[in-house]
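Colleague: Good morning. May I ask you some questions about the model shown below?

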Amino acid sequence: MVSKALLRLVSAINRRRMKLLLGIALVAYVASVWGNFVNMSFLLNRSIQENGELKIESKIEEIVEPLREKIRDLEKSFTQKYPPVKFLSEKDRKRILITGGAGFVGSHLTDKLMMDGHEVTVVDNFFTGRKRNVEHWIGHENFELINHDVVEPLYIEGLAKRVGARLLLASTSEVYGDPEVHPQSEDYWGHVNPVGPRACYDEGKRVAETMCYAYMKQEGVEVRVARIFNTFGPRMHMNDGRVVSNFILQALQGEPLTVYGSGSQTRAFQYVSDLVNGLVALMNSNVSSPVNLGNPEEHTILEFAQLIKNLVGSGSEIQFLSEAQDDPQKRKPDIRKAKLMLGWEPVVPLEEGLNKAIHYFRKELEYQANNQYIPKPKPARIKKGRTRHN
């Protein structure tokens with residue numbers, strides 16, 4: 001009896017224990033499910049919050065990015081980048097004044113001297129020169145630009161005397177006029193009509209040489225005279241009436257290329273970088289007498305017109321007009337003196353230089369078209385209604 005009672009007791013205890021264990025398990029299961037639910041709810045809320053924050057950040061980025069671009073543009077404008085400049089010590093660095101330094105040849109000479117490490121002051125009235133030609137130097141510590149018209153004289157010859165400077169005159173092959181000697185050497189006195197339509201320019205350059213040498217003899221100022229033959233290249237004024245700019249502009253715009261006379265007149269064309277190197281070599285030399293700087297490779301005007309037409313790929317016709325008075329029939333420099341005494345001669349092939357000039361003119365036409373201005377070729381060197389090739 002006792003044993004049966006004990007068995008019933010143990011059995012009851014086991015049932016209670018099982019119920020308790022089942023209850024605990026049920027509670028644990030519910031707690032587990034609830035915990036997972038809470039975690040899922042938390043993660044869902046967090047995901048929604050993060051997506052909301054991402055959308056806000058995206059909106060902010062859309063607004064801020066244009067501002068960042070403007071800041072970068074401002075930084076670029078304040079951080080001027082100049083062409084590479086060689087360092088020169090104080091004793092080797094020269095202070096150089098270039099009148100007309102914003103013009104075609106002057107701006108290229110400015111570039112050369114600046115990159116060589118010298119201090120350069122440019123004086124120009126921007127009548128034919130342009131600030132755009134030298135704007136890449138504005139702000140550089142070695143560069144200064146002065147807007148001045150030499151109608152109010154600078155008396156640079158007196159300045160040269162006072163500081164012991166050397167004076168370079170950019171003369172011209174026009175001092176030879178319509179030459180009777182071919183090719184033209186520096187000891188040829190020329191063949192100029194002193195009262196013709198070209199006389200103001202031709203005789204003006206001749207008298208400029210005379211005055212420079214008179215001042216040299218009277219005041220002891222060192223003088224260098226470069227007789228420059230036809231030169232072309234980027235930064236030529238598009239409306240200067242010269243044969244190169246006229247032909248390129250006419251070819252690019254599909255207009256007839258105007259040739260005055262038969263086109264059998266000859267010219268010799270040098271690229272501007274060759275001329276600049278010659279000018280620097282002359283200034284650094286001890287040669288005080290005139291020196292021809294030009295390319296002895298001679299071409300007829302008609303050949304030159306056809307060459308430019310082909311390089312441009314233009315369908316323009318060649319139009320022959322009446323020949324200009326006193327237009328030189330032949331022009332070719334004798335550069336033996338420059339070769340011997342300066343070690344200089346032109347090195348840029350004609351077609352290579354012309355392609356660079358054509359590229360420049362194309363870009364200029366695009367720029368001016370965007371600014372609602374299309375240049376038109378002018379008759380070459382208008383002088384009281386007369387024209388000429390130069």
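Colleague: What percentage of the residues in the protein is buried?

Modeller: This is a predicted model. Of the 390 residues in the protein, 38% are buried.

Colleague: And how many helices and strands are there?

Modeller: The secondary structure consists of nine helices and twelve strands.

Colleague: Let us take helix H9. What is its span from the first C-alpha to the last?

Modeller: Helix H9 covers residues 350-370, 21 residues in total, and spans 30 Å between those two atoms. That is close to the 30 Å expected at 1.5 Å a residue.

Colleague: Which residues of H9 are buried?

Modeller: The buried residues of H9 are Leu350, Gly353, Leu354, Ala357, Ile358, Tyr360, Phe361, Glu364, Leu365 and Gln368. They lie on the same side of H9, because they cover an arc of only 165 degrees around the axis.

Colleague: Which exposed residues are on the face turned away from that side?

Modeller: That face of H9 carries His359 and Asn370.

Colleague: What covers the buried residues of H9?

Modeller: The cover includes helices H5 (243-252) and H7 (301-312). It also includes strands S6 (231-232), S9 (270-271) and S11 (298-300).

Colleague: Now a change of topic: what is the volume of the second largest pocket?

Modeller: The volume of the second largest pocket is about 270 Å³.

Colleague: Which helix gives the most to its lining?

Modeller: Helix H4, residues 199-219, gives the most, with four residues. Among the residues lining this pocket are Trp189, Arg206, Glu209 and Pro290.

Colleague: How many residues of that lining are nonpolar, polar and charged?

Modeller: Five are nonpolar, one is polar and four are charged.

Note on methods:
Residues are numbered from 1 along each chain as its sequence is written. This is a predicted model: local features need pLDDT of at least 70, side-chain atom pairs count only at pLDDT 80 or more; totals for chains, interfaces and linings use all residues. Side-chain values use heavy atoms; hydrogens and water are left out. The expected span of a helix is 1.5 Å times one less than its number of residues. Buried means under 20% relative accessible area, exposed over 50%, partly exposed in between (1.4 Å probe, protein chains only). The arc is that of the directions from the helix axis to the C-beta atoms. Contact means heavy atoms within 4.5 Å. On a 1 Å grid over the protein atoms alone, a cavity is a set of points where a 1.4 Å probe fits but cannot get out, and a pocket is an open set with protein on both sides within 12 Å along at least five of seven lines; lining residues have an atom within 4 Å of a point. Grid points are joined across faces, edges and corners, and a volume is the space filled by probe spheres set on the points. Ala, Val, Leu, Ile, Met, Phe, Trp, Tyr, Cys and Pro count as nonpolar, Asp, Glu, Lys and Arg as charged, and the others, Gly among them, as polar.
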